[in-house]
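Biologist: I am new to this one and would like to learn how to read it. Could you walk me through some features, one at a time?

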There are 2 protein chains.
Amino acid sequence: MVTAVDSVTTGPIEGSVKHYLEVDDLRVPVRRIPLSNGEHLDVYDTSGPYTDSAAAIDLAAGLPALRDTWERPAGDGPRTQLAWARAGFVTPEMRFVAAREGVEPELVRAEVAAGRAVIPANRNHPELEPTVIGKKFLVKINANIGNSAVSSSIAEEVEKMVWATRWGADTIMDLSTGRNIHETREWILRNSPVPVGTVPIYQALEQVNGDPTQLTWELYRDTVIEQAEQGVDYMTVHAGVLLRYIPLTAERVTGIVSRGGSIMAAWCLAHHRESFLYTHFEELCEILARYDVTFSLGDGLRPGSIADANDAAQFAELRTLGELTAIAKSHGVQVMIEGPGHVPMHKIVENVRLEEELCAEAPFYTLGPLATDIAPAYDHITSAIGAAMIAQAGTAMLCYVTPKEHLGLPNRDDVKVGVITYKIAAHSADLAKQHPHAQRRDDALSRARFEFRWRDQFALSLDPDTAREYHDETMPAEPAKTAHFCSMCGPKFCSMRISADVRAYAAKNDLTDVEAIEAGMVEKSAEFAGRGSQVYLPVVP
Amino acid sequence: MVTAVDSVTTGPIEGSVKHYLEVDDLRVPVRRIPLSNGEHLDVYDTSGPYTDSAAAIDLAAGLPALRDTWERPAGDGPRTQLAWARAGFVTPEMRFVAAREGVEPELVRAEVAAGRAVIPANRNHPELEPTVIGKKFLVKINANIGNSAVSSSIAEEVEKMVWATRWGADTIMDLSTGRNIHETREWILRNSPVPVGTVPIYQALEQVNGDPTQLTWELYRDTVIEQAEQGVDYMTVHAGVLLRYIPLTAERVTGIVSRGGSIMAAWCLAHHRESFLYTHFEELCEILARYDVTFSLGDGLRPGSIADANDAAQFAELRTLGELTAIAKSHGVQVMIEGPGHVPMHKIVENVRLEEELCAEAPFYTLGPLATDIAPAYDHITSAIGAAMIAQAGTAMLCYVTPKEHLGLPNRDDVKVGVITYKIAAHSADLAKQHPHAQRRDDALSRARFEFRWRDQFALSLDPDTAREYHDETMPAEPAKTAHFCSMCGPKFCSMRISADVRAYAAKNDLTDVEAIEAGMVEKSAEFAGRGSQVYLPVVP
């Protein structure tokens, strides 16, 4: 059955144009921001062809099957990025992500081979523009979409995917739990330029009418194969929820808050044995290896409140995830590890250190964490604090949180706010980790700010539309876009102007040598007085 | 001249009532949140009588002169909180803030005596409900208000003060730069329950028609006395901008971004000598000591971009602020130190360590800092990341940043968003510093969340109105407020329910002993199967 999908958002972001870097046989997209001073800045671009004004978008046909023309390495063993990396092959995917990151392909290969980075890229998702997730690369963000039993349609979900990637989502997860799961996912996959993740247990649960105790390995296995065939790039698997860990959650303030975790806990307790995810894990690895689906080993016992952070249940599961990581890698399957949740700031770093120690530095992929529980409606902010800090400590990908977290389903505006907020957290961490190129954008924007190039400032910002809108609320007139002042201080007095004048004066008078200035203070004073103080505060009518 | 001021926002925050703790002769306000389970939580309350439904508010008359009835200690020397603390006196202000913080008055006295905490409380601001600012106490936040030449009226500014303190601002700064500065400030002071700070140089500059080179010590001194007489509790003084530091800003990306800093830089360069703030600093101390006005030594050379963070200019000024701190304290004047600004995460802690070392641990009061420059329109968030981290490291007060930072003047909504965002940063730091009472609110809210007490969850949140509004967008009906599910997962499946059932089962079966469970796994399984798995997923029609 084909369901009509409404049109999606297309066209470049204000002040930007789509540009492609030609790297050997690859065309690597960037968002080019031309500046009014003749310079330009290229920034990482997750938005796919939708922001290319030359691209014809046909949702029913899907995006071009970019990767179908890429040559695969020969060789024995699993045909996964991990296996190829270990065998010394640099795949087109590795070259593609290296160009996006501005690093050498060999660095990518080495990190993937070591299991410190993953490139989620199902062979059946040829529309994908690959991305690399690992602590040595730019911090990535994921946006969750997906309908639920209560609301939303396929059309809305496809647009949410396009919308989320427009603003910078590096991957999206389709967490649909209602009807039409398969069809919604098909529309999303055929039109998604970014890796798509799922939690297969959600679909399996639908097939047993929501009763987790009726789940079986066979049903789950078939669901995984169905999704892998469609092209899902990574799958969350809560295989670390062991029977003996469940009672460790009994004294918690908020028990088990992970959906997948509670499904598996219910199953384990009902059957009083370890889950089929755990007991059939090697078979699962064989399936994922065939498609190069990446594991995202779920933290089913993650804390749902400050009180429960870093407790015995959480870390017991993490230890098991470490064991499963080794098994998955032995099958050539790429692995990420999911992390919390709700964690106060002083307990954040321990999460990363322990994950790296127990899981052989597999990329960490965390949900926030929220640094406090007391601000529902602002949990994009409570979690951005935790997300920035955990990314600084080494987390490779951050799952976004929207303002509706804990309260309801995010709408289009919430998705945008969530994505922008997480771009802030990720970029702040890139700066803190001193990623070689990260500060270019800050410097370009600050220079534009200092030089009153308002339009450049908007274009360089994460959200040009809102920046311009806020500016125009106080100073709507077009001349204000080139005015050498703003509404904060008014035309008569502006610290930025004074600074610019100080700079000009210093340059002319070689005032960068402190000792010389102190020695020559009197002379300089006389000289400066002669030039007139008006240089500092030119009168603006 | 009396200007009509429109009415302001009054009445309790949704789900709360004003309550007073009777502490000896003092009535200390708290916001009491009654819960549906019969418990209640008292939280710190900055909102003054405006949220007391029993209070009659008359803006023309001002708030009751609370502190006029408080007995002053006898003794020689300056009549300041610092001098009294050093002499061993516990003032009513110290007892008042101790009750608000839930600590012993002696701790307050000792911290004030050591210069590690301040209680900004001008003797001419008797309407004040005092607050303590210091690293051993709850992290405080400041909201800037103030009209500019471009927009806004007195009425708007008084309402902004009431509005900002309603949502949690611990102090406000009146940064007015336009007309009616004196009158605006009078209305604010007579009606403000929180400390009011100013930057006197702004008013002085108005009196010389905006030409900083025309400023004189005499003019500035008279302005300070005028403001101190009115009751201003703390004043930002940019006395650390020395002539020889100015050239250090010449190579910066964004030069001097502090208004006060650029005013003084312009003056210093024009006259080619040290500023009157520096050369007359001891006289300034004598004036402030007479009223117990607290110094907020301004960071006129704070960085305005990531590129300029922690540079020679910034830290040179900080060293001078340390010298001035010692001088001020020798006059019995309380001192805070202002800090940046724009700082990447990995350079934040150094700011606190250096401030403590150079300024004898005087309370640090920072503006953010913003952890990246690239998100105008979201700088409340970029700065909340930096603010939470710098507060965790020991900063005592955070100056808020609104979404309009760098773009325009904040309106009422922006002020609220800025305050709530900074309450999040401050509270996250309180948790990280393990303040003895901070986690109570998180735990109460998380328990309410786990038990589906939606109304309690709203009432315990920083912004009950918005939390309820977001919830109602997806599930508007009144029964949803007591429903044991929410829109995120729908009625059929909810991890919170499963967790509650796991907990009930564990409690009945003593499943908290892991070894016992592992040993008795088979028996337990049989027992559980007998009880029926329905306990985990009761069918909701």
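Modeller: Gladly! Let us start with one residue: Asp45(A) has a relative accessibility of 5%, so Asp45(A) counts as buried, the limit being under 20%. Please keep in mind that this is a predicted model.

Biologist: Which residue does the side chain of Asp45(A) meet in a salt bridge?

Modeller: The general idea is that side chains of opposite charge can pair when their charged atoms come close. Here the partner of Asp45(A) is Lys18(A), with 2.5 Å from N to O. This pair links distant parts of the chain, 27 residues apart: Lys18(A) belongs to strand E1 (residues 17–23) of chain A, while Asp45(A) sits in the loop between strand E3 (40–44) and helix H1 (81–86) of that chain. Lys18(A) is buried as well, at 15% relative accessibility.

Biologist: How many salt bridges does the structure hold over all chains?

Modeller: There are 62 of them. One is formed by the side chains of Asp222(A) and Arg221(A), at 3.3 Å from N to O. Asp222(A) counts as partly exposed because its relative accessibility is 40%, and Arg221(A) is also partly exposed, at 27%.

Biologist: What about a pair that crosses between chains?

Modeller: Look at Lys404(A) and Glu473(B), whose side chains meet in a salt bridge of 2.7 Å, N to O. On one side, Lys404(A) lies in the loop between strand E13 (397–399) and helix H14 (412–432) of chain A; on the other, Glu473(B) is part of helix H17 (residues 464–474) of chain B. Lys404(A) is buried, with a relative accessible area of 1%, whereas Glu473(B) is partly exposed, at 44%.

Biologist: Which residues are linked in a network of salt bridges?

Modeller: In chain A, such a network links Glu111(A), Arg116(A), Lys135(A), Lys136(A), Arg353(A), Glu356(A) and Glu361(A).

Biologist: Now to the rings. How many aromatic pairs are there over all chains?

Modeller: The structure holds 16 aromatic pairs. To read one, check the distance between the ring centres and the angle between the planes; an angle over 60 degrees counts as edge-to-face. Trp163(A) and Trp167(A) have ring centres 5.7 Å apart and planes at 85 degrees, so this pair is edge-to-face. Both of these residues, Trp163(A) and Trp167(A), are buried.

Biologist: How are the rings of Trp163(B) and Trp167(B) arranged, stacked or edge-to-face?

Modeller: They are edge-to-face, because their planes stand at 85 degrees, with the centres 5.7 Å apart. Trp163(B) and Trp167(B) are buried too. Back in chain A, ring pairs also join Trp217(A), Tyr220(A), Trp267(A) and Phe276(A) into a cluster.

Biologist: Which charged residues lie over the rings of Trp167(A) and Trp167(B)?

Modeller: For Trp167(A), look for Arg166(A), which lies over the face of the ring at 5.6 Å from its centre. For Trp167(B), the charged end of Lys416(B) sits over the ring, 4.0 Å from the centre.

Biologist: Let us step back to the strands. In what order do they close into a barrel in chain A?

Modeller: Follow the pairing from strand to strand. The order is E6-E7-E8-E9-E10-E11-E12-E13, 8 strands with parallel pairing. On average, neighbouring strands of this sheet are turned by 25 degrees against each other, direction ignored.

Biologist: What can I find at Thr249(B), in chain B?

Modeller: Thr249(B) is in the loop between strand E9 (234–237) and helix H8 (259–271) of chain B. Its relative accessibility is 3%, so Thr249(B) counts as buried. A polar atom of the Thr249(B) side chain lies 2.6 Å from the backbone oxygen of Ile246(B). Finally, the C-alpha atoms of Thr249(B) and Leu301(B) are 7.8 Å apart, although 52 residues separate the two along the chain.

Technical notes:
Residues numbered from 1 in each chain as written. Chains lettered and ligands numbered in written order. Predicted model: local features only at pLDDT ≥ 70, side-chain atom pairs only at ≥ 80, totals over all residues. Heavy atoms only, no water. Helix = DSSP H or I, 4+ residues; strand = E, 2+ residues; numbered from the N terminus. Buried < 20%, exposed > 50% of the residue type's maximum accessible area, 1.4 Å probe, protein only. Polar contact = N/O pair within 3.5 Å; in protein donor to acceptor, adjacent residues only side chain to side chain. Salt bridge = Lys/Arg side-chain N within 4 Å of Asp/Glu carboxyl O. Phe/Tyr/Trp six-rings, centres within 6.5 Å; stacked < 30°, edge-to-face > 60°. Lys NZ or Arg CZ within 6 Å of the ring centre and 35° of its normal. Pairing = 2+ DSSP bridges. Axes fitted to C-alpha atoms, helices over the stretch in contact; angles between N-to-C directions.
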